[in-house]
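Please keep the model open while reading.

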Amino acid sequence: MPTLWVDADACPKVARDIIVRAAERTTTPAWFVANHSIPLPPSKWVKSLSVSHGFDAADNEIVARLEQGDLLISSDLPLALEAIDKGAAVMTTRGEILDKNNIRARVQMRDFMETLRSSGEHTGGPKGYSDADRREFANALDRWLAKHARKP
């Protein structure tokens with residue numbers, strides 16, 4: 001049975017709530033990994049893991065625990081690349097599936113934008129998390145779980 005791994009440091013609360021409900025409904029283990037405490041309801045299926053505050057500590061812990069067939073929920077592209085290389089599926093909190101066909105181009109674009117920012121260029125940040133983003137994520141997660149999670 002797959003496990004859901006959540007890069008919880010930057011996961012919007014509304015997405016966290018969607019993941020908790022989905023894990024409970026489908027009896028799928030879900031781990032929220034962060035370098036700070038994540039408030040979660042008591043659950044047999046939903047757990048949190050606090051790691052040290054070092055650079056990429058949460059990412060490293062996730063990669064160490066990920067298994068082939070698990071789902072990582074993260075918008076961190078370098079972490080997504082490592083997860084994909086390890087055989088995991090990856091979905092952003094906006095419901096976008098990242099895979100071998102699109103991850104390398106996305107990482108290259110991220111690196112390019114980072115270079116622009118470091119040279120003083122104002123590139124703007126990500127858009128806010130909208131109701132449409134919430135719906136798309138909930139629907140994408142439900143589709144993934146319908147294909148991969150055991151039935152309650």
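The buried residues of helix α1 pack against β1 (4–7), β2 (30–34), β3 (46–50), β4 (71–73) and α5 (131–148). Helices (H or I, at least four residues) and strands (E, at least two) are DSSP runs, numbered from the N terminus, and contact means heavy atoms within 4.5 Å. This is a predicted model, in which local features need pLDDT of at least 70 and side-chain atom pairs count only at pLDDT 80 or more, while totals for chains, interfaces and linings use all residues. Residues are numbered from 1 along each chain as its sequence is written, and side-chain values use heavy atoms, with hydrogens and water left out.

The residues of α1 that are buried are Ala15, Arg16, Ile18, Ile19, Val20, Ala22, Ala23 and Thr26. Here buried stands for under 20% relative accessible area, exposed for over 50%, and partly exposed for in between (1.4 Å probe, protein chains only). Helix α1 covers residues 13–26, 14 residues in number, and its first and last C-alpha atoms are 20 Å apart, close to the 20 Å expected at 1.5 Å a residue; the expected span is 1.5 Å times one less than the number of residues. Just after α1, threonine 27 has a positive phi of about 50°.

Helix α2 (residues 57–65) has Ala57, Ala58, Asp59, Ile62 and Val63 buried. Their cover includes β1, β2, β4 and α3. Glutamate 82 is part of helix α3, residues 77–85. This glutamate 82 is partly exposed, at a relative accessible area of 40%. Between its C-alpha atom and that of asparagine 60, 22 residues away along the chain, the separation is 9.6 Å.

Now the whole chain. Five helices and six strands are present, in the order β-α-β-β-α-β-α-β-β-α-α from the N terminus on. The radius of gyration, taken over C-alpha atoms, is compared with a globule rule of 2.2 Å times the number of residues to the power 0.38. For 152 residues a compact globule would have a value near 15 Å, and the chain agrees, with 15 Å. Along the principal axes, the C-alpha atoms fill a box of roughly 50 × 30 × 30 Å. Of the 152 residues, 41% are buried. Among contacts between residues at least 6 apart in sequence, 51% join residues at least 24 apart.
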